[in-house]
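Me: I am new to this structure and would like to learn how its parts get their labels. Could you take me through it?

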Amino acid sequence: MSTAPTVACPECAGTGCPPCQWQGCRRAQLLLTVANRDTGAVASRRVTPADLDPRPDPAGGWTAELTPWVRDLCATVAAVLDPEPLVVRLPPTWRPELSAADRYTLAAEALAGAARHPWRLWLGRSTATTPADPAARLARLCGLADLLLLDLVVAVRRTGDRTHWTVRYDIPGSPVPAGPVEGSPDLATALVRTDVPAALAGLADRGLTVPARLLDPALPLTREVPDVPLGREVPDVPPTIRRPPPQTGPVDRIERSILAELVEPAEGDPHDARHVGVSSPTDTPTCRSSRRSPDGRGPDGTDRPGAEAVWRDGGWWRTGLRYIPEESPGRSALPAGGRPRPSLHRVVEPPDPLRLREPVPGRPCPDCRSRDATRPCRCGIGGGPASDCDRCGGTGRRRSALRCATCGGTRRLRRTVLVTLTDLRHRVVHLTWQAGAPEVTCEVATAPGGLTVVQLPERYRLGAWARVFGVRPEDLAEADGGHAVPRELRDGYVTLPWPGVDPVGEYVREVGRGLPAGRLVVTAVRPDVPPLVELIRLVVGLDLALHVSLLDLRRHTGHPLRADSRYWSVEVRHRDAPVHPADLPTRPSLATALDECLAHLADDLAGLVPADPDVPLPVPCSPTRDPVADPVPALLRLTAEHAGRAVTLRFTRAGHTAHLHDDDGIRLVDLPCVV
């Protein structure tokens, strides 16, 4: 077998580290693959240092453009795809007048840096799909924010001469996310790339410590105020009911108004950027200062690191961002990375939403003994702490990455949970569960240790609410991350730790652990995924293996302490990977398993690349293929015959096999009716 080009790992100098998988060197190769989901055709190309054709970059230096090769692969498989630019930036020392050996060495270093994800896959269709309209996407995101009682935040961060745009949902009162941000070059592109699930991702982490307050969802109100600085008195205008879709304004004008907040005001400028302006739904945001250019730079040359626009109460509130110095009072001296650093804050916070009511009752968590839980740093093993340690900054202690098991990191034990169920379009249900509510419960089982398991009324069972949205209880998922709703929450089961305890209070305590502002947002949506046969054809075309597993536990129906449904898993594996006894399915439906597989397909491919950098990357290619017969009916029959045992179907180019998980491990079984 030929040897792939490699370079020494720059992080460990050949001694071995996690980024190089303890090999001491890195592969200087990229694998570009394009697949047509409609035909199953696959085309690939391996990129080596000798294939790079560096050209001068207008921003300085030399780069090698790989996007034309991706387009050629698209033409090969007849896939309509507009790939994002794929560029390899060469080291600053690269020059065309260098010797061929030196140019090759520097090109290999550049390719090894780009090969942290060595296998790049693009999935296309035979016909073009309608691109998302940024204005329509923004209107939908704003309308859903009003429906879910959340903030929609459009943010821009400046890194050097580049701006990074992101769009996200936040719990009102959430802090500005810390750390570097990778976003889109402009707002329109950010909107095209950000759908509703992407905007909801990370909602809990961003708002984990936000104070919880009750909400009044019965008021679909907007705040009608003129666009004036917050430093002046806002006229007392009564709110008005507004049911039509939100008028968010043109995307380009919103972008310019946010860029204007990047500039700190010059001395004597009456338009102080510390003030936040709000636009009514019928007006579009505009720059308030004529002294600011559209690119966000002012005459005094001082720029802020970022700016945000917050959609709240039917209007945009705009503000710049600023750093709070690390010596500011009340700030922790030991951030997560160990070294003190300033934190990012809004110049001025928007006023509270109209729907916020009194604070949610609760008490501080008794197990969170300090504001920043720390643990000994490993640099002190065998001696004193290292003064140059990046983790603890020489203090010998670093912040613990583990959340408190009692409160889930919220630092409070709340007596109220606010639950929102939505179809992510136009239907929503808001529930308020409060400890101490007198409810009639039903004893259903006895847990180990003699503990009593009771079931709460239907208003506490999310599975009962699923019927309101026309979906199955298994289709319910947490909006942040898409995790399946546990059975205890679907069916309203709670284990009482001692006789006489408040069942609703115990239920609220269990459900509320780790919720941002005591809020749980649940989606009632059937995943929009392709059929299983399409994924089988795709994986076989990539010369990999697809493992489809099913576990039938319906014999436990009605038992609150046992799983009582069918569980699925769909996983991409190496073509020679065996079926392991521990590979058991956990997803509540085939659709959710397919959705999870497609969502993590890129990461799975990265894990299937050979760890040895001397092994060249494969080049999978496949012509148009006919889809296989649907294996689901046969799989359902087989698992019904082996209730309580998982069955795994393994599909490769060599064919398919059925594997039964039993007490002795894995054994082959017959699976007819699949061709």
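Reply: Let's begin with a facing pair: Pro56 stands opposite Trp62 in β6. This is a predicted model, where local features need pLDDT of at least 70, side-chain atom pairs count only at pLDDT 80 or more, and totals for chains, interfaces and linings use all residues. Residues are numbered from 1 along each chain as its sequence is written, and side-chain values use heavy atoms, leaving out hydrogens and water.

Me: What makes β5 and β6 paired strands?

Reply: A strand is a DSSP run of E with at least two residues, and a helix is a run of H or I with at least four, both numbered from the N terminus. Pairing requires that DSSP finds at least two bridges between two strands. Two bridges join β5 to β6 (residues 62–65), so the pair qualifies; the two run antiparallel.

Me: Why are β5 and β7 called edge strands?

Reply: The open sheet has the order β5-β6-β7 with antiparallel pairing. β5 (55–56) and β7 (87–89) each pair on one side only.

Me: What is called the largest nonpolar core?

Reply: The name covers buried (under 20% relative accessible area, 1.4 Å probe, protein chains only) Ala, Val, Leu, Ile, Met, Phe, Trp, Tyr and Cys residues joined through side-chain atoms within 4.5 Å. The largest such set has 39 residues, and Leu152, Tyr169 and Trp316 have the most contacts inside it. Its largest share, six residues, comes from α3.

Notes: Buried < 20%, exposed > 50% of the residue type's maximum accessible area, 1.4 Å probe, protein only.
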